[in-house]
Amino acid sequence: MARLMRKALFPLCIVITAAIASCAKMGQPDGGWYDETQPSVIGASPADGATNVKAHKISILFDEFVKIDNATEKVVVSPPQKEMPEIKSAGKKIEVELKDSLKPNTTYTIDFSDAISDNNEGNPLGNYAYTFSTGDRIDTLQISGHVLESENLEPIKGILVGLYSDKSDSAFISSPMIRIARTDSRGQFVIKGVAPGSYRIYALQDMDGDYKFSQKSEKIAFTTDTIVPTTIEATRQDTVWLDSLRIKSISRVGYTRFMPDNIVLKAFTEPLTDRYLIKSERQEADHFTYYFSYGSDRLPEIKGLDFDSDNAFIIEHSEKRDTVTYWLRDTTLVNRDTLNVQLRYMATDTLGQLQLQTDTLQMLSKKTYEKRMKDQKKSFEEWKKQQERKKKRGEPYDSIMPPVPLDYNVNVPQKLDPDKNIRFEFKTPIADIDIGKIHLYSKRDSLWYNAPFELLADRKDTLSTNDSTYSATPELYLRKYVLMGEWRPDTEYSLEIDSAAFTDIYGKATKKLKQGFKVSALSDYSTLLLSINGMNGQPLVVQLLNSSDKPIKEVKTSGSTAEFFYIKPGQYYVRLFVDSNNNGIWDTGDYASGRKAEEVFYYPEAIECREKWDIRKSWSPRSVDMTHQKPTQITKQKAEKAKEVKQRNIERARKLGIEYLPEMQQQMKKKLKREEK
């Protein structure tokens, strides 16, 4: 019987022996077995969890050679260090030197996250944190949660999250955080080594490394809630795997749950209200532009130093008044290469107050008058040659060069949505419009009829609820106009513009235009009707988004419904924000006044729209956790895949026709360690 057993075990012994022998050839061309065990910590100096520590240098010893991946980004030392600690791998050790003086009676945590892996095959250690205390106890409480962008609920990677035991609002500005963590690719953070007590929590995109909110350009998140860390006993399901495909056992195990673990911080960047002149330029001879960092109700004042500036300009400005353009009325000024001006404007002084500032500027034309004259002469000579060739061929020709027409763009699509209009944009400001030279015709029963329309100055600078929100007074835009018609679905139209319908301030006139188009039929579209619950009559702006998370339609409502019409077939998403100040745009927060950014919510699923469909959805924005609202399809900050052992031995064993046993790996690793010695 013993002899039979020896015969039966002999093949298995050969397999195991071959596997162990090949372990010494890992990574070699002969295709030996791979090391698939993660490194283990076998000691540290000072010991992990040690108390009354005075040493600044820490050595952590592993059972194999290790490396650190991107220590600057992934390793976080708490409390925060003013001077960057030195962290490096050295064979089977990781060495950390803290440059700052150690605080008394303080728990220190060095959170390596997933930065540690073995040097041979890159097997990850997993999330690892080393802890010691300069006092006689280790603080073990934890606080966790997520940080999201306020405007679009994107997870924020790499932002600091910190605690203050001082719960005054001034602490975030005047002193550094006392314990910190950094968010991962999911926007998730875990602050470890927290002492019992109560805290305020903040997020900070620290630009200058002082661990406090010291610059308005720093992204921040705050809450007025007081955080009290605690623990509860809980149970969870524990799955033990034989390998990557087979489950060995599933059991319920008890564990300590650290609370709170569901904090959600929504970060924003405050508007940079400091006002200063960014640049001035004169790209074209007929106008010059000033760019400011921030707008002002008071427009700049210009005085010509070498020309009469009274009534010399037509002023065009952006809606926020941070960009101001001065169009020169007089062509004699246009022809001058240099204009010296005195510019007076509101600017922020060293005390943060708006004061009048005066600058003397030279406005130099990018293209000189001489160069412009040469270009005109060249154009005339080319035109003259063309006419001479026509004359020789006996074709009709001109003896006088026609004036250069006024350049403009008009968007007339082949198919027009019933809720859209036709827009004009001119290169220069318009001085006169002959409305009698603009004609719109609609086709009914093969006959063309005059169709009513309005032509208004287009003040639309942001996405509008209604395409008819315009002003007839062109204060903001002197070069943009919109033609609005009573569009009938499934109807053909013809837009016909006679020559000289538009004339600019320099006397240039437009040429003829004839463009046909059709308004699409209602059957080409879908309709979305949203029933919104739980918002208590707050003013809302509801946006229909495309696959790039960009709004294509929006509606304002203070009720419980939002209706979208004329939706082209496709997949869409929905977002809303609470328009607290009822100005129609999303507003960021302000820490000094305690104002948070306006709340944003996402409908958690994609919505499929098809032709002729009326889609009805019920939505309770506050019923879904903020971290699970934004659909993954339009979330740009994707969660990085967790580092795992590659499990390549199973595939190799399959190719060899044998079963890979976990015991083989342990034998291989022991043999590799003996050879290293």
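**View 1. Glu154 and Lys630 meet in a salt bridge, with 2.8 Å from N to O.** A salt bridge here is a side-chain nitrogen of Lys or Arg within 4 Å of a carboxyl oxygen of Asp or Glu. Glu154 sits in the loop between strand S10 (141-149) and strand S11 (160-164), and Lys630 in the loop between strand S44 (614-619) and helix H6 (648-656), so the pair ties together parts that are 476 residues apart in sequence. Helices (H or I, at least four residues) and strands (E, at least two) are DSSP runs, numbered from the N terminus. Both Glu154 and Lys630 are buried. Buried means under 20% relative accessible area, exposed over 50%, and partly exposed in between (1.4 Å probe, protein chains only). This is a predicted model in which local features need pLDDT of at least 70 and side-chain atom pairs count only at pLDDT 80 or more, while totals for chains, interfaces and linings use all residues. Residues are numbered from 1 along each chain as its sequence is written, and side-chain values use heavy atoms, with hydrogens and water left out.

**View 2. Glu496 and Lys514 form a salt bridge, their closest N and O atoms being 3.9 Å apart.** This pair links distant parts of the chain: Glu496 belongs to strand S34 (residues 491-497) and Lys514 to strand S36 (residues 513-519), 18 residues apart. Glu496 is partly exposed, at 22% relative accessibility, and Lys514 is exposed, at 64%.

**View 3. Helix H5 covers residues 369-392.** How far apart are the end C-alpha atoms of this helix? They are 35 Å apart, which agrees with the 34 Å that its 24 residues should span at 1.5 Å a residue. The expected span is 1.5 Å times one less than the number of residues. Look along H5 for its buried residues, Arg372, Trp383 and Gln387; what covers them includes helix H4 (331-334).

**View 4. Just after H5, Gly394 takes a positive phi of about 75°.** Here, too, is a salt bridge between the side chains of Arg393 and Glu395 (3.1 Å, N to O). Arg393 is exposed, with a relative accessible area of 52%, and Glu395 is partly exposed, at 33%.

**View 5. Glu86, Lys88, Glu97 and Lys99 are linked in a network of salt bridges.** By the salt-bridge rule, the count comes to 33.

**View 6. Over residues 1-30, pLDDT stays under 50.** pLDDT is the predictor's confidence in each residue, from 0 to 100. It also stays under 50 over residues 460-476. For the protein, the mean pLDDT is 88, and 86% of residues reach 70 or more.

Methods: Contact means heavy atoms within 4.5 Å.
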